[in-house]
Amino acid sequence: MAKKYIVGVTSCIVGIAHTYMAADALKRAIEAAGCEAKVETQGADGSENAITEEDLARADAAIIAADLKIKGLERFEPVPYISCPTEEVIKDAPSVVVELLEAIG
C-alpha cells in the first residue's frame, strides 16, 4: 500500500513564530505516522513551500492549522481536510494527525 500524502497549511495572526512552529510540528507528526508530508506556511513574508495543484491532485487529505482565514482555502475543497488552531498543532500534532487519518480511513 502506498504512503498517504498529507498536505497542510499553517498561519498565525502575526505570521512569525507560531506559523513556523506549527509547520515544523505538523511535518514531523505526519512523517512519524508513516505518511508523506508537504506543509505550506502563510507567514509575514507571504506563502512559502506553496501547495500546488499537483500536490492537491495526489493529496489524500489536508490539515489547515490557522488562527485566521488562509489565502486560497477554496483550493482544498476537493480534498478531505480538518481545521484547527496553530496552538493545537504545536502542543499535540500527533493527535491532530491521528484524528485526520481516522477520519479518512
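Arg58 is partly exposed, with a relative accessible area of 43%; buried here means under 20% relative accessible area, exposed over 50%, and partly exposed in between (1.4 Å probe, protein chains only). The model is predicted, so local features need pLDDT of at least 70 and side-chain atom pairs count only at pLDDT 80 or more, while totals for chains, interfaces and linings use all residues. Residues are numbered from 1 along each chain as its sequence is written, and side-chain values use heavy atoms, with hydrogens and water left out.

Arg58 takes part in a salt bridge with Glu36, in which the closest N and O atoms are 2.7 Å apart. This pair joins distant parts of the chain, with Glu36 in strand S2 (residues 36-43) and Arg58 in helix H2 (residues 53-58), 22 residues apart. Helices (H or I, at least four residues) and strands (E, at least two) are DSSP runs, numbered from the N terminus. Glu36 counts as partly exposed, at 33% relative accessibility.

In the whole structure, a search finds six salt bridges, each defined as a side-chain nitrogen of Lys or Arg within 4 Å of a carboxyl oxygen of Asp or Glu. Side chains of opposite charge can pair when their charged atoms come close. One of the bridges is formed by Lys27 and Glu31, whose closest N and O atoms are 2.6 Å apart. Both residues lie in helix H1, four residues apart, or about one turn of the helix. Lys27 is partly exposed at 35% relative accessible area, and Glu31 is partly exposed at 41%.

Turning to helix packing, the axes of H1 and H3 (residues 86-104) come within 8 Å and cross at roughly 5°. The two helices are therefore roughly parallel to each other. On the H1 side, the contact involves His18, Met21, Ala22, Ala25, Leu26, Ala29 and Ile30, and on the H3 side Thr86, Val89, Ile90, Ala93, Pro94 and Val97. Axes are lines fitted to C-alpha atoms, for helices over the stretch in contact, and angles run from 0 to 180 degrees between N-to-C directions. Angles under 35 degrees count as roughly parallel, over 145 as roughly antiparallel, 65 to 115 as roughly perpendicular and the rest as oblique. Contact means heavy atoms within 4.5 Å.

Two threonines are worth a look together. Thr19 is found in helix H1 and is buried, at 0% relative accessibility. Beyond its neighbours within four places in sequence, Thr19 touches Thr10, Ser11, Cys12, Thr41, Gln42 and Gly43. Thr10, in strand S1, is buried too, with a relative accessible area of 0%. With neighbours within four places in sequence again set aside, the contacts of Thr10 include Thr19, Ala22, Leu26, Val39 and Ala65. The C-alpha atoms of Thr10 and Glu48, which are 38 residues apart along the chain, are separated by 10 Å.

Ile13 sits in the loop between strand S1 (5-11) and helix H1 (17-32) and is exposed, at 67% relative accessibility.
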